[in-house]
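Thanks for coming. I have one structure to go through today, and I will keep to the packing inside it. Please have a look at it first.

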Amino acid sequence: MSATSRHDPVFAAVDLGATSGRVITGRVGPGELELAEAHRFANTPVRLPDGLHWDVLALYQGVLDGLRAAAHRGPVTSVGIDTWAVDYGLLDSDGSLLGLPYHYRDERNTPAAEEVLARIGARELYEVGGLQHLPFNTVFQLAAHRSAAQWPAARTLLLMPDLLVYWLTGSVGAEVTNASTTALFDARTGAWSDALIGRLGLERSLFPALREPGERAGTLLPHVAGYTGLPEETPVTTVASHDTASAVAAVPATGPGFAYVSCGTWSLAGLELDAPVLTEESRAANFTNERGVDGTVRYLRNIMGMWLLEECRRAWERSGTSTGLADLLVEAARARPFAAVIDPDDPVFLAPGDMPARIDAALARTGQKSPDGPGGYVRCVLESLALAHRRTLRQAAQLAGRELTRIHLVGGGSRNALLCQWTADATGLPVTAGPAEATALGNVLLQARAHGLVGGLSDMRGLVARTQELRHYWPRGDGGAWDRAAGRLQACA
């Protein structure tokens, strides 16, 4: 990246993922885009007697400390916040939080999903919201939450980034890219679905007014300014607060026909469309239509991503056989190809736990042998993810009537050369890997656009392509081997 002028505006991007949070500062100038990490902190869920929760107070303190670190580096033009989707906090009539927000991996959601589908039906839910069926969608979490003693006191629902914006500014709102993940948002109209909300017996007043990326949410409350050292007039700018939406905004695509894979804890694989695909075929294939920037649609499917690998590593650490990721990848490259393949979206892999044992059980059910050593497990996971990318993107292209020419793989997974190469090999398409920090870049660029420093999506993406380090992978090897592995996996389904 080129050196930037110290006079270029600086934007603070608060980016919270499923395992960690960070505050990153971004400098934006003519032909310049540069990031620097100001602060990083852990995101460690807590299990209480009533279930698995996010420690949102610790996260908020991490945000405040990060903004304080950013302020120590110099003037900050504005702040933007993105997080994962679907989870929320409830406020009472005084604006106080009613308990720690539940974690989407909590076990309460599955029976609640069955109750909602018995009342409304999967087809009707899809015709309105266009969402992939996942047991932790907000609509199902709310159904589970209604039996809690705190529920009658709830007056406002705020998704995680909106909750943090509220604590920073005192301003209440719901950003559209995250609102679209609730299954209570109309994919056609871009508004809350009053009909679905009413059918589920929810109060419409729970759901705040919607905000678009680029709107000014508010300015810092006096005590926030006092702690962080930022001026009270510092604006908090609404960005694409669903982290995947910010990442897609920073995909460095310079032409048509591209697909994307935003790869981190999850792999979000899909296309950018102008309108949702709400056909029965799309619902049966379990694709989601989530809101993107400027009214675009993120037509994608969630795939269990690097979570599988990270949970394997945590299990090995607990057993005292920990190995560094670099060494594991070397072992994986040497392991026997296609010795074992799994479906990453098997629900057995969703909850935290002993992932190698779960992989063993899944392989046994499908008549396959367990991998040889940690390197074999890593190869199994990465080859299986590449196959899932292939299956998902081919289905998306068919359902949307698109021809694909290139895959952009962004996020932390773009640093994994094996995954990138095997995705190219499996799909038969070139893969452009990077930027790894796509979410933070999208967050910063949307703030910069709100301040008149960059233009539309094509301008933002062009700036990313010119300034960020990208790597290119071309299909190689025996494509038939991937076909046979895909066929074997399908036969085991």
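Predicted model: local features only at pLDDT ≥ 70, side-chain atom pairs only at ≥ 80, totals over all residues.

In general, nonpolar side chains in soluble globular proteins tend to be buried together. Here the largest nonpolar core has 138 residues, and the members that touch the most others are L67, L168 and I359. Helix α14, residues 373-400, supplies the largest share of this core, with twelve residues. There is also a second, separate core of 28 residues, and I120, V139, A154 and F207 are among them.

Going back to L67, what does it contact beyond its neighbours within four places in sequence? The list is A12, V14, V23, V79, L168, T228 and L230.

Next, helix α4, residues 138-145. Seven of its eight residues are buried, so the helix is largely enclosed by the rest of the structure. The buried ones are T138, V139, F140, Q141, L142, A144 and H145. As for what covers the buried residues of α4, the cover includes strands β7 (88-91) and β8 (156-159), along with helices α2 (109-119) and α3 (122-129).

Now the rings. Across the whole structure, a search finds eleven aromatic pairs. I will show two of them.

In the pair F287 and Y299, the ring centres are 5.1 Å apart and the planes are at 20°; planes under 30 degrees apart count as stacked, so this pair is stacked. F287 is in the loop between α10 (280-284) and β17 (288-291), while Y299 is in strand β18 (residues 297-304), twelve residues apart. Are these two buried or exposed? F287 has 0% relative accessibility and counts as buried. Y299 is buried too, with a relative accessible area of 0%.

The other pair is F338 with W482. Their centres lie 4.7 Å apart with the planes at 85°, so this one is edge-to-face. The two are 144 residues apart: F338 is in the loop between α12 (325-334) and α13 (355-365), and W482 is in helix α18 (residues 479-492). F338 counts as buried at 15% relative accessibility, and W482 does at 5%.

Ring pairs also link W54, W84, Y104, F136 and W266 into a cluster.

Last, two arginines over rings. The charged end of R105 sits over the ring of W307, 3.7 Å from its centre. R108 has its charged end over the ring of Y102, 3.7 Å from the centre of that ring.

That is the end of the tour.

Terms used:
Residues numbered from 1 in each chain as written. Heavy atoms only, no water. Buried < 20%, exposed > 50% of the residue type's maximum accessible area, 1.4 Å probe, protein only. Helix = DSSP H or I, 4+ residues; strand = E, 2+ residues; numbered from the N terminus. Contact = heavy atoms within 4.5 Å. Core = buried A, V, L, I, M, F, W, Y, C linked by side-chain atoms within 4.5 Å. Phe/Tyr/Trp six-rings, centres within 6.5 Å; stacked < 30°, edge-to-face > 60°. Lys NZ or Arg CZ within 6 Å of the ring centre and 35° of its normal.
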